[in-house]
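Let us take a few and ask what stands behind each one.

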Amino acid sequence: MNTTDGWTLLVIVGMACTTVLTRCFFFILDRPWTLPAWARRGLDFAPIAALAAVIVPEIVMTQGHFIHTWQDARLFAAAAGAGWYFWRKGVLGTIVTGMLVYLPLHLGLGW
Amino acid sequence: MFLSPVYYRHAEFRIGARDMLLTLPGFAAWGLMTGVAMVKSGMSGFEAVMMTVLVFAGSAQLAAIPLIVAGAPLWVIVAASACVNLRFVVFSAHLRGYLMYLPRLERMVTGFLTTDLTYVLFVRRFPEPAVEPDKRIAEQAYLAGNSFVNWFNWCTSSLLGIALANVIPSAWGLGFAGVLALLAISCSMATSRLRVVSALVAGGVAVLVYSLPLKLNVLLAIASAVAVCLALEKPAPLPPSSRASANGGDA
């Protein structure tokens, strides 16, 4: 069994504060405040950019390097999932379709 | 807050809960693998449970685990999770319009519980902040139902992962279900040509500068994508010389 140490607990508390500060950043203070117009327009593009920045490396990279083969279960699973989404809409169907493609390729063929 | 009967008896509470339930398997698999990853990195059961309940941010947790293992300084780990969480700062600017009438403590609890998916589903259902009191209650009820399901699912699946850490091989790659859930949400946001451009630029930049420390690639990717989209939205007038050569190309 791993042991608990104070330093790790401190890290956890620090990270918890980070969660609160980032999630509440612009509504912690009561003072009236507005975004500049360009930033407000930028808000329209930022959320999808954040998601893409997180997931694209998860799909096309292995241990920090761009994959060199097309025989990667993640490519087919992501394509199948996105295909389902644009055909039928629906988060659950996307996950199920993607995993139905991913697991056989990954566990069966070792891709 | 979701503890209030005004919210959990409201019809919107169930709608919010249902919207989140549809994504539950993907995030349950993700929570499970995060639980496994925390214990496999050498954290104790107590530490892993505390992290699940208090930090409540899967991508930041997964980014911090290798840093904790490597014994990185506290400020580096906190800075790294802040970078991974920067997208929430963007969301909070948007949510301000929906939450400012609430007392500060309630705002902060609501903010803490509002993850990516809750934010996206919430602004999809309520594109404009309400002004009338009953519509505001409906908004908060939806938010409460949605985040309650999300928080409960995250905690139970992570705790299951912590308990089963030595039984589930990470080679199964169940965590990929979480990526698929985020992929589906990205697709649901791809409603304009510029948003598609934004996703492509961000994805490309995130891969190109992946080797940057502290997950700064995510931040640079967001900044580049937003800059490109703002530039494309209002194209600057071309200087006369390049306009002439562009016309020459057409001829």
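Q: What makes the phi of Gly110(A), which follows H5(A), worth a remark: is it positive or negative?
A: In this predicted model, the phi of Gly110(A) is positive, near 75 degrees. Gly110(A) comes after helix H5 of chain A.

Q: How do you know that the span of H5(A) agrees with that of a helix?
A: Helix H5 of chain A covers residues 91-108, which is 18 residues. At 1.5 Å a residue, they should span 26 Å. The end C-alpha atoms are 25 Å apart, so the two values agree.

Q: Which residues of H5(A) are buried, and what do they pack against?
A: The buried residues are Val91(A), Thr94(A), Ile95(A), Thr97(A), Gly98(A), Met99(A), Val101(A), Tyr102(A) and His106(A). They pack against helix H4 (73-88) of chain A. Helix H3 (24-40) and H11 of chain B also take part.

Q: How do you know that the span of helix H3 of chain A agrees with expectation?
A: Run the check again. H3(A), residues 46-60, has 15 residues and should span 21 Å. Its end C-alpha atoms are 21 Å apart, which agrees.

Q: Why is H3(A) called largely enclosed?
A: Count the buried residues. They are 12 of the 15, so H3(A) is largely enclosed by the rest of the structure. Among them are Ala46(A), Pro47(A), Ile48(A), Ala49(A) and Pro57(A).

Q: What does Ala49(A) touch, leaving aside its neighbours within four places in sequence?
A: Ala49(A) is in contact with Ser198(B), Ala199(B), Ala202(B), Ala221(B), Ile222(B), Ala225(B) and Val226(B).

Q: Which residues touch the most other members of the largest nonpolar core?
A: The core has 106 residues. Ala49(A), Ala53(A), Leu180(B), Ala181(B), Ala202(B) and Ile222(B) touch the most other members. Helix H11 (residues 176-189) of chain B gives the most to this core, with 11 residues. At least three residues come from each of domain 1 (5-188) and domain 2 (190-236) of chain B.

Q: Why is Ala64(B) called buried?
A: The cut-off is 20 or more other C-beta atoms within 10 Å. Ala64(B) has 28, so it is buried. Ala64(B) is found in helix H5 (residues 58-69) of chain B. Beyond its neighbours within four places in sequence, Ala64(B) is in contact with Met15(A), Ile77(B), Ala80(B) and Ser81(B). Ala64(B) and Val78(B) are 14 residues apart in sequence, and their C-alpha atoms are 8.3 Å apart.

Q: Why is Gly45(B) called partly exposed?
A: Buried needs 20 or more neighbours, and exposed needs 12 or fewer. Gly45(B) has 16 C-beta neighbours inside 10 Å, so it counts as partly exposed. Gly45(B) sits in helix H4 (residues 45-55) of chain B. From Gly45(B) to Arg136(B) is 91 residues in sequence and 40 Å in space, C-alpha to C-alpha.

Q: How many helices and strands does chain B have?
A: Chain B has 14 helices and 0 strands. Of its 251 residues, 49% count as buried. Its C-alpha trace spans about 70 × 50 × 30 Å along its principal axes.

Q: What covers the buried residues of H8(B)?
A: The cover includes H1 of chain A, together with H7 and helix H10 (133-163) of chain B. The buried residues of helix H8 (residues 104-113) of chain B are Arg107(B), Thr110(B), Gly111(B) and Phe112(B).

Q: How many residues does each chain bring to the contact between chain A and chain B?
A: Chain B brings 77 residues and chain A brings 63. On the chain B side, 55 are nonpolar, 16 polar and 6 charged.

Q: Where do the C-alpha centres of the two domains of chain B lie, and which residues join in their contact?
A: The centres lie 23 Å apart. The contact takes 10 residues from domain 1 of chain B and 8 from domain 2 of chain B. H6(B) gives the largest share of the domain 1 side, 5 residues. By class, that side has 8 nonpolar, 1 polar and 1 charged residues.

Q: What is the predictor's confidence in chain A?
A: The mean pLDDT of chain A is 86, and 99% of its residues reach 70 or more.

Notes:
Residues numbered from 1 in each chain as written. Chains lettered and ligands numbered in written order. Predicted model: local features only at pLDDT ≥ 70, side-chain atom pairs only at ≥ 80, totals over all residues. Helix = DSSP H or I, 4+ residues; strand = E, 2+ residues; numbered from the N terminus. Contact = placed C-beta atoms within 7 Å. Expected span 1.5 Å × (residues − 1). Nonpolar A, V, L, I, M, F, W, Y, C, P; charged D, E, K, R; others polar. Core = buried A, V, L, I, M, F, W, Y, C linked by C-beta atoms within 7 Å. Domains from an automatic or database assignment. pLDDT = per-residue confidence, 0-100.
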